[in-house]
Amino acid sequence: MTTAVAAPFRFFSLQVVRTRRLGPSLVRVTFGGEDLHAFFSDGRDQSLSLFLPHPGQPEPVVPIELGDGWWQAWRELPDDVRAVMRSYTLRALRRDPDEIDIDFVLHTPAGPASAWAARAAAGDRILLLGPAVADNRAIRFRPPVDTDLVVVWGDESAVPAACAIVESLPAGTRARVWLEVPHAADVQDLVTEADAEITWLVRDEARAEGSPMALGALREGQLPPAERPYVWIAGESGCVKELRRHFVRERGIDRRSVTFVGYWRPGLSEEQLRERE
């Protein structure tokens with residue numbers, strides 16, 4: 001069952017096709033569904049809203065039959081009934097058959113989405129609020145056409161989007177990329193036609209959260225000369241803000257050419273983050 005929400009977005013009823021562990025901290029979940037023929041996205045950091053069932057529920061509870069009234073009705077449902085909503089980014093979209101990949105971060109203690117992904121199995125059902133129009137407002141990576149250097153940083157929460165971005169860069173694009181992960185086994189092999197220098201930063205495994213190593217690595221890192229650089233940084237909110245200040249104040253990059261997205265904050269759930277917005 002599908003229901004239009006606000007174009008260019010709609011609900012998609014999906015089921016798990018397969019899962020694959022990418023490392024200690026990431027699991028890739030592949031979804032399929034009859035509705036996916038209407039799913040379109042040109043964005044490599046395309047944001048999606050997932051609605052997940054509670055343990056014991058066969059499918060997520062979202063009153064999509066109410067049309068535009070679904071949101072308020074969903075919020076009024078009991079906490080142990082209302083589907084868990086979490087934001088993720090699209091890792092890949094394929095046709096014939098229609099499938100999408102979403103990479104989930106596994107962490108301890110596990111939140112509801114991490115716990116769901118860790119036990120996900122073929123046939124498990126979710127709802128996804130995603131794009132029916134390829135170019136939509138939930139895409140943040142938008143380098144100007146005259147960009148002569150792409151700079152990327154992301155922690156493990158942003159690694160799926162960052163990897164998709166790097167893999168999509170066309171030949172001749174110069175890129176400098178830093179990706180931060182908790183474990184050496186989380187490092188992935190990326191294939192890109194771009195002239196990309198990719199540095200993986202492996203945190204001290206005793207630290208569960210972001211570290212100052214990102215700012216240190218970027219301060220020490222050399223960027224090739226560029227007249228029109230574009231920067232994309234995403235991950236833990238505090239680190240993202242600090243890195244943005246570094247690029248704007250210390251490197252003198254035009255703030256309008258720095259896209260920054262806070263995906264999470266220590267000790268706060270997504271609901272709590274939304275309440276603070």
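This is a predicted model: local features need pLDDT of at least 70, side-chain atom pairs count only at pLDDT 80 or more; totals for chains, interfaces and linings use all residues.
**The antiparallel sheet**

Seven strands make up an open sheet with antiparallel pairing, and their order is S4-S3-S7-S1-S2-S6-S5. Strand S4 (84-89) and S5 are at the edges; each has a single partner strand, so one side of each has no neighbour in the sheet. On average, and with direction ignored, neighbouring strands of this sheet are turned by 35° against each other.

Leu 26 has Val 105 in S6 as its bridge partner.

**The parallel sheet**

A further open sheet has five strands with parallel pairing, in the order S10-S9-S8-S11-S12. Its edge strands are strand S10 (195-202) and strand S12 (258-264), each of which pairs on one side only. From one strand to the next, the twist averages 10°.

Strand S8 (residues 149-154) pairs with strand S11 (residues 229-236) in the parallel sense, and six bridges connect them. Val 151 has its bridge partner in S11, namely Val 231. Helix H3 (residues 159-168) packs on this sheet and touches S8, strand S9 (174-181), S10, S11 and S12. The direction of H3 makes about 160° with that of S9.

The two bridged pairs described above are set out here.

| Strand pair | Sense | Bridges | Bridge partners |
|---|---|---|---|
| S8 and S11 | parallel | six bridges | Val 151 and Val 231 |

**Helices H4 and H5**

Two packed helices are described by the angle between their axes and the distance between the axes. Helix H4 (residues 213-220) packs against helix H5 (residues 237-250) at an angle of about 20°, and their axes are 10 Å apart. Angles under 35 degrees count as roughly parallel, and H4 and H5 are therefore roughly parallel to each other. The crossing in which H4 passes H5 is right-handed.

On the H4 side, the residues in contact are Ala 214, Leu 215, Leu 218 and Arg 219. They meet Cys 239, Glu 242, Leu 243, His 246, Phe 247 and Glu 250 in H5. Sorted by class, this contact of H4 with H5 has six nonpolar, one polar and three charged residues.

**Loops and cis peptide bonds**

Most residues other than glycine have a negative phi, and most peptide bonds are trans. Asp 96 has a positive phi of about 55°, although it is not a glycine. Asp 96 lies in the loop between S5 and S6, and it counts as exposed because its relative accessibility is 76%. The peptide bond that joins Asp 96 and Pro 97 is cis, with omega about 5°. Pro 97 is in the loop between strand S5 (92-94) and strand S6 (99-105).

Another cis peptide bond runs from Thr 108 to Pro 109, where omega is near -5°. Pro 109 is located in the loop between S6 and H2.

**Pro 112 in helix H2**

Helix H2 (residues 112-119) contains Pro 112. Is this proline buried, partly exposed or exposed? Pro 112 counts as partly exposed, because its relative accessibility is 41%. Leaving aside residues up to four places away in sequence, Pro 112 touches Val 84 and Arg 86. Pro 112 and Leu 14 are 98 residues apart in sequence, and their C-alpha atoms are 18 Å apart in space.

Notes:
Residues are numbered from 1 along each chain as its sequence is written. Side-chain values use heavy atoms; hydrogens and water are left out. Axes are lines fitted to C-alpha atoms, for helices over the stretch in contact, and angles run from 0 to 180 degrees between N-to-C directions. Helices (H or I, at least four residues) and strands (E, at least two) are DSSP runs, numbered from the N terminus. Angles under 35 degrees count as roughly parallel, over 145 as roughly antiparallel, 65 to 115 as roughly perpendicular and the rest as oblique. A crossing is left-handed if the near helix is turned anticlockwise from the far one by less than a right angle, and right-handed if clockwise. Contact means heavy atoms within 4.5 Å. Ala, Val, Leu, Ile, Met, Phe, Trp, Tyr, Cys and Pro count as nonpolar, Asp, Glu, Lys and Arg as charged, and the others, Gly among them, as polar. Two strands pair if DSSP finds at least two bridges between them. Buried means under 20% relative accessible area, exposed over 50%, partly exposed in between (1.4 Å probe, protein chains only).
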